[in-house]
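Here's a quick briefing for you. Have a look at the model first, then run through the notes below.

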Amino acid sequence: MARGGDGTPKSEHSPLAERLNHLFAHMHPPGAPYTNAYVAEEISEGAEYGDVTLSEQYLSMLRKGRRTNPSHEVLRALAKFFAVPVGYLVGDLSQPQADRVEEELRFLAAMRDQRVRTIALRAVGLPPEVQDSLTTIISQFRQQMDLPPDPPATSGEEPHAGH
């Protein structure tokens, strides 16, 4: 099976599998990514997901692209677990909507880093001109270190213009 730029399994035939693998790789608390077993158990036992029963094996098949047409209830439960719209999982969002979801996912993944959170939280409450100055300083550090002006997208794609 092909691997994505971030080392996660990538199915060339299943956008659902690619999106699920992206979420597993990037949308987890600090530490290790979620396992299929953990997500399946949380969804199957969580009242907030309705009466959805999801097995570890079925989730694995979805992530490998061996199953590509889960029920709407399973899609809704997975979307709720990862806090994304169902349309994101099935590719039913407009390009601006999809771009916004990807931007939010990159932000949440970056915020898992304690140092990034500390910098962001210390800027809260400062006047806008001071926040702008801090942004300029960070940009200068990135340039001095030969880093791109903006952090790369976690999906391996370049950030879209306008972000």
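The chain has an accessible surface of about 10500 Å², and 53% of that belongs to carbon and sulfur atoms (Shrake-Rupley method, 1.4 Å probe; for residues, only the protein chains shown count as cover). Heads-up: this is a predicted model, where local features need pLDDT of at least 70, side-chain atom pairs count only at pLDDT 80 or more, and totals for chains, interfaces and linings use all residues. Residues are numbered from 1 along each chain as its sequence is written, and side-chain values use heavy atoms, with hydrogens and water left out.

**Fold**
- You get eight helices and zero strands (DSSP runs: H or I of at least four residues for helices, E of at least two for strands, numbered from the N terminus).
- Of the 163 residues, 31% are buried (under 20% relative accessible area; exposed is over 50%, partly exposed in between; 1.4 Å probe, protein chains only).

**Aromatics**
- The whole structure holds seven aromatic pairs (Phe, Tyr or Trp rings, the six-membered one for Trp, with centres within 6.5 Å; planes under 30 degrees apart are stacked, over 60 edge-to-face, the rest tilted).
- Tyrosine 34 and tyrosine 38 are stacked, because their ring centres are 5.3 Å apart with planes at 0 degrees.
- Phenylalanine 81 and phenylalanine 82 pair edge-to-face, at 4.9 Å centre to centre and 85 degrees between planes; both residues are buried.
- Ring pairs tie Phe24, Tyr34, Tyr38, Tyr49, Phe81 and Phe82 into a cluster.
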